[in-house]
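Trainee: Could we walk through this one together, a question at a time?
Mentor: Happy to, let's have it on screen.

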Amino acid sequence: MDLYAAIRGRRSVRRFASASIEPAVLERIIDAATWAPSGGNAQTWRFVIVTEQARIAKLKTVSPGLIGEPGAVVAVCQDLAAARAKGSALGEVLLAPCDAAMAAQNLLLAAYAEGLGTCTVASFTHRAVARLLKLPETVEPILLVSVGVPDETPKAPARKTEGIVHWEVYGG
Ligand SMILES: Cc1cc2nc3c(=O)[nH]c(=O)nc-3n(C[C@H](O)[C@H](O)[C@H](O)COP(=O)(O)O)c2cc1C
């Protein structure tokens, strides 16, 4: 798949067909996530793949942003203690969420290349998700990504162009 076509064609999908996803496919898209860059090559991201529908249902009760019935939900997490050990306060506060977002974008694009739909979800109660997924004390969920067989073809929301790009200096 052409990279530019994937970048432009990927959409946030919130309606899924009720189909499970092969574990091998989930492993491939997580592998793609781990090929993202990370600050200082810290790789302090952690991924929890949830496929049990009962657990996904529980996640939904504490995640207003998690919409539809996805076949899987991937919690993109960070081990903040490891991030701090690697990159001190900058590692914990800035690099960790940046790295998680980079990994998540790889995941979205890889899933799209597999014919799957995804939606990034930031609207969830962190403590409740951490409890449901039995995350260790130092591991923080940064984003949830729903993954499933798409049952809709959303229109692309328009992209802003005015005032977004500046050459050489702001306003240039
Ligand atoms: C950091 C982040 C958080 C988001 N959180 C949610 C969310 O909680 N629920 C949701 O339905 N969509 C969420 N989205 C998806 C955005 O609404 C979506 O990416 C945006 O409308 C652009 O649409 P597109 O992804 O189809 O290009 C989130 C996206 C990002 C990048």
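**Strands and their neighbours**

Mentor: Strands β1 and β2 run antiparallel and are joined by 6 bridges. Keep in mind that this is a predicted model.

Trainee: Which residue in β2 does Val50 stand opposite?
Mentor: Look at the antiparallel pairing of β1 and β2. Across from Val50, the residue in β2 is Val73.

Trainee: How many bridges join β2 to strand β4?
Mentor: Strand β4 covers residues 139–148 and runs antiparallel to β2. One place to look is Ala72, which stands opposite Val147 in β4. The number of bridges joining β2 to β4 is 8.

Trainee: Which residues point one way from β2, and which the other way?
Mentor: In a regular strand, side chains alternate between the two faces of the sheet. Here Val73, Ala75, Cys77 and Asp79 point one way, and the other way point Ala72, Val74, Val76 and Gln78.

Trainee: How many residues of β2 are buried?
Mentor: Both sets of residues, those pointing one way and those pointing the other, are buried. The strand is therefore largely enclosed by the rest of the structure, and the count is 8 of the 8.

Trainee: What does helix α2 reach from its first C-alpha to its last?
Mentor: The helix spans residues 23–34, which makes 12 residues. At 1.5 Å a residue, 16 Å is expected, and the model comes close to that with 17 Å.

Trainee: Which residues of α2 are buried, and which are exposed on the other side?
Mentor: Leu26, Ile29 and Ala33 are the buried ones. They cover an arc of only 70 degrees around the axis, which puts them on the same side of α2. What covers them includes β1, β2 and α4 (80–113). Exposed on the other side are Ala24, Glu27 and Asp31.

Trainee: Why does Asp31 count as exposed?
Mentor: Asp31 sits in helix α2. Asp31 counts as exposed because its number of C-beta neighbours inside 10 Å is 12.

Trainee: What separates the C-alpha atoms of Asp31 and Ala103?
Mentor: Along the chain, the two residues are 72 residues apart.

Trainee: Is Gln43 buried, partly exposed or exposed?
Mentor: Gln43 lies in the loop between α2 and β1, and has a positive phi near 50 degrees although not a glycine. Asn41 belongs to the loop between α2 and β1 too, with a positive phi of about 55 degrees. Asn41 is exposed, with 8 other C-beta atoms within 10 Å. Gln43 has 17 C-beta neighbours inside 10 Å and therefore counts as partly exposed.

Trainee: How many nonpolar, polar and charged residues are in the shell around the ligand?
Mentor: The residues around the ligand include Arg11, Arg14, Ser12, Thr120, Ile67 and Pro157. By class, the shell has 6 nonpolar, 4 polar and 2 charged residues.

Conventions: Residues numbered from 1 in each chain as written. Predicted model: local features only at pLDDT ≥ 70, side-chain atom pairs only at ≥ 80, totals over all residues. Near = placed C-beta within 6 Å. Nonpolar A, V, L, I, M, F, W, Y, C, P; charged D, E, K, R; others polar. Helix = DSSP H or I, 4+ residues; strand = E, 2+ residues; numbered from the N terminus. Expected span 1.5 Å × (residues − 1). Buried ≥ 20, exposed ≤ 12 C-beta atoms within 10 Å, placed from the backbone. Arc of directions from axis to C-beta. Contact = placed C-beta atoms within 7 Å. Pairing = 2+ DSSP bridges.
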